[in-house]
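Dear colleague,

Please find below the structure I promised to pass on to you. My notes on what turned up in it follow directly after.

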Number of protein chains: 2
Amino acid sequence: MVERKPVLKQQPARILDVAALAGVSVGTASKALNDTGQLSPATRERVRRAADQLGFTPDTRGRALQSGRTFTVALLTTDSSGRFSNPIMRGVEDVLSAGELATILCDTRDDPLREQHYLRSLAARRVDGIVVTGRRTEPRTPIDVSLPVVYALAASTDRADTSVIVDEQQGAASVVEHLRGLGRTRIAHVTGPDNHRSAAERASGVVDHAGTIFAGEVLFGDWSEQWGRQATDLLLRRHPELDAITCGSDQIARGACDRLRELGRAVPEDIAVTGYDNWPVMALASRPPLTSVDLQLEELGRHSAQLLLEAIAGTRRHGILELPTRLVPRESTLGL
Amino acid sequence: MVERKPVLKQQPARILDVAALAGVSVGTASKALNDTGQLSPATRERVRRAADQLGFTPDTRGRALQSGRTFTVALLTTDSSGRFSNPIMRGVEDVLSAGELATILCDTRDDPLREQHYLRSLAARRVDGIVVTGRRTEPRTPIDVSLPVVYALAASTDRADTSVIVDEQQGAASVVEHLRGLGRTRIAHVTGPDNHRSAAERASGVVDHAGTIFAGEVLFGDWSEQWGRQATDLLLRRHPELDAITCGSDQIARGACDRLRELGRAVPEDIAVTGYDNWPVMALASRPPLTSVDLQLEELGRHSAQLLLEAIAGTRRHGILELPTRLVPRESTLGL
């Protein structure tokens with residue numbers, strides 16, 4: 001390890017001090033602390049104890065300049081406060097920090113100028129790689145950098161890039177199979193705007209997998225409880241024989257449950273309801289609590305970070321990896 | 001600016017290339033790009049255009065080693081997915097990135113061992129400072145580092161530290177004054193667990209400011225809609241004369257509104273209801289939408305980052321700074 005003397009106001013303990021206390025050479029101390037070279041476990045342990053005693057922290061900037069890496073990765077997100085980008089961020093940070101990498105947070109706020117500013121700044125800092133994530137699942141234009149990049153949640157439009165997304169078809173199928181297993185045979189679907197990829201994919205997934213037991217229609221609207229209530233009125237008027245309403249989000253499903261209760265229809269005895277996203281604050285507060293599809297976004301973040309580490313190490317995977325969702329059954333289909 | 005030749009696979013444009021294209025010396029190019037020295041605006045502009053044209057990005061690691069700063073700040077949070085820490089994070093990142101600092105995200109997940117791991121790693125990276133934030137408002141033990149630190153949301157127990165928190169007394173007072181202005185004279189309060197600082201402070205704030213118009217009682221419970229519904233039943237039984245229920249969270253207030261509607265009591269005509277936190281997904285989905293107290297957490301994050309920048313520059317402010325909240329009036333007190 002190359003030792004540089006940083007220009008700092010507080011001078012922390014130096015490796016020289018550690019070596020002196022452990023009674024070894026500076027070279028040996030460095031090898032012990034970096035887990036390199038041929039040393040006895042006892043010597044390594046003695047050096048480590050000396051380092052702990054002195055509160056010695058190696059200056060990783062030396063390691064960075066020597067290796068050509070900065071052990072720093074950026075997380076470029078369009079919205080760090082987003083309900084979807086947030087658990088992904090958490091998963092990414094978890095994997096990277098375990099690997100001793102620092103995660104730099106860059107929130108572009110959906111602003112292309114801010115994105116450009118960040119990319120310049122990250123290039124100047126020589127980060128080792130970038131995870132790009134966003135609030136929606138629409139494929140996005142790739143960023144223009146010559147660094148390892150992984151796209152999480154929203155795939156890159158360039159198939160040569162590495163993307164990790166949610167398998168919405170499988171998520172929709174799991175809902176249908178669950179209802180089929182419970183003997184439901186007349187299913188409808190209510191979801192968000194038809195120009196949102198997640199709404200369109202979930203809807204087509206439900207219709208395709210349900211086949212002849214899809215008895216109602218697909219109603220596109222917005223991602224709100226209010227729309228869930230309105231759509232329920234519409235569906236009951238047009239398809240009074242329904243025995244299940246699948247929804248494209250937990251908010252819509254919660255609205256559907258509220259409206260059914262107000263109309264005196266029992267959930268799930270008369271009509272089963274399913275949500276999507278498994279957002280605890282909605283799924284659990286709903287009356288009854290919602291059977292829902294968990295997107296496993298933290299896992300998606302972890303997977304993306306893992307692929308980025310592999311790309312940084314030289315092994316790049318091309319194309320789109322779709323990760324499975326997990327069905328969480330609750331009272332809105334199972335009853336009490 | 002010191003130019004170092006980093007060990008990189010892709011060699012980006014060098015300052016040599018920029019100087020050649022602009023027809024100036026390397027020293028002049030460096031001064032132009034670093035905004036130092038005595039140069040004509042025309043020369044600076046020419047160099048900048050050459051840098052843009054070549055896609056030149058200065059290696060900030062050289063600047064870092066020369067200045068003794070890394071232009072890197074850490075955000076240490078107990079929970080990056082938290083509804084409260086999240087907007088703070090966003091505010092912090094916003095201010096720092098505008099100042100060309102990178103924000104390293106460190107999510108300790110409420111685990112003291114993880115916190116220690118991060119603090120060692122941050123010391124090794126020589127970050128310039130740390131913002132510490134959390135999910136709750138209880139004062140916390142300060143972290144043990146010899147760096148500028150600002151505590152956001154949860155104050156440090158050491159009064160010599162710099163902390164930025166929400167002024168809960170002022171928030172509670174704003175709710176009471178709003179209701180007083182609307183002519184309400186018989187107020188009660190429902191909130192979360194009595195061992196949560198935010199619940200206790202909001203409750204005492206309401207009681208103190210209401211004085212004689214506090215006619216009901218304070219009911220402590222949990223932060224749920226279900227508790228809001230139960231507490232409403234209790235209050236109406238014990239204090240049938242109430243004309244306002246103030247709540248310690250939007251979830252509780254939403255539960256109160258639902259229960260009042262189910263009992264055939266009009267909100268706000270019979271009983272006004274107020275929330276707290278101004279969490280859009282609750283405050284807006286409630287029937288009717290909730291008058292609530294916005295904690296202005298993004299602003300709190302921005303303020304904390306600003307104080308950290310000042311501390312890094314050498315001006316440290318000691319003690320606890322309380323920031324005001326903002327009352328957001330909606331139908332649950334105003335009616336349609």
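In this model, which is a predicted one, helix α6(A) passes helix α5(B) in a left-handed crossing. The two helices, residues 112–125 of chain A and residues 85–98 of chain B, have axes that come within 12 Å and cross at roughly 65 degrees. On the side of α6(A) the contact is made by R114(A), H117(A) and Y118(A), while α5(B) contributes E93(B), D94(B) and S97(B). Sorted by class, the residues of this contact are three charged, two polar and one nonpolar.

Turning to the nonpolar cores, the largest one has 76 residues, and the residues with the most contacts inside it are L300(A) and L300(B). If residues up to four places away in sequence are not counted, L300(B) touches I88(B), A152(B), L153(B), V164(B), I165(B), V166(B) and L323(B). Apart from this core lies another, of 28 residues, which includes I104(A) and I130(A) from chain A as well as V127(B) and I130(B) from chain B. As a general background, nonpolar side chains in soluble globular proteins tend to be buried together.

One residue in a loop may also interest you. H239(A) sits between α9 (225–238) and β8 (244–247) of chain A, and, leaving aside its neighbours within four places in sequence, H239(A) is in contact with A215(A), G216(A) and E217(A). H239(A) counts as buried because its relative accessible area is 13%, which is under the 20% cut-off.

With best regards

Methods
Residues numbered from 1 in each chain as written. Chains lettered and ligands numbered in written order. Predicted model: local features only at pLDDT ≥ 70, side-chain atom pairs only at ≥ 80, totals over all residues. Heavy atoms only, no water. Core = buried A, V, L, I, M, F, W, Y, C linked by side-chain atoms within 4.5 Å. Buried < 20%, exposed > 50% of the residue type's maximum accessible area, 1.4 Å probe, protein only. Contact = heavy atoms within 4.5 Å. Axes fitted to C-alpha atoms, helices over the stretch in contact; angles between N-to-C directions. Helix = DSSP H or I, 4+ residues; strand = E, 2+ residues; numbered from the N terminus. Left-handed = near helix turned anticlockwise from the far one by under 90°. Nonpolar A, V, L, I, M, F, W, Y, C, P; charged D, E, K, R; others polar.
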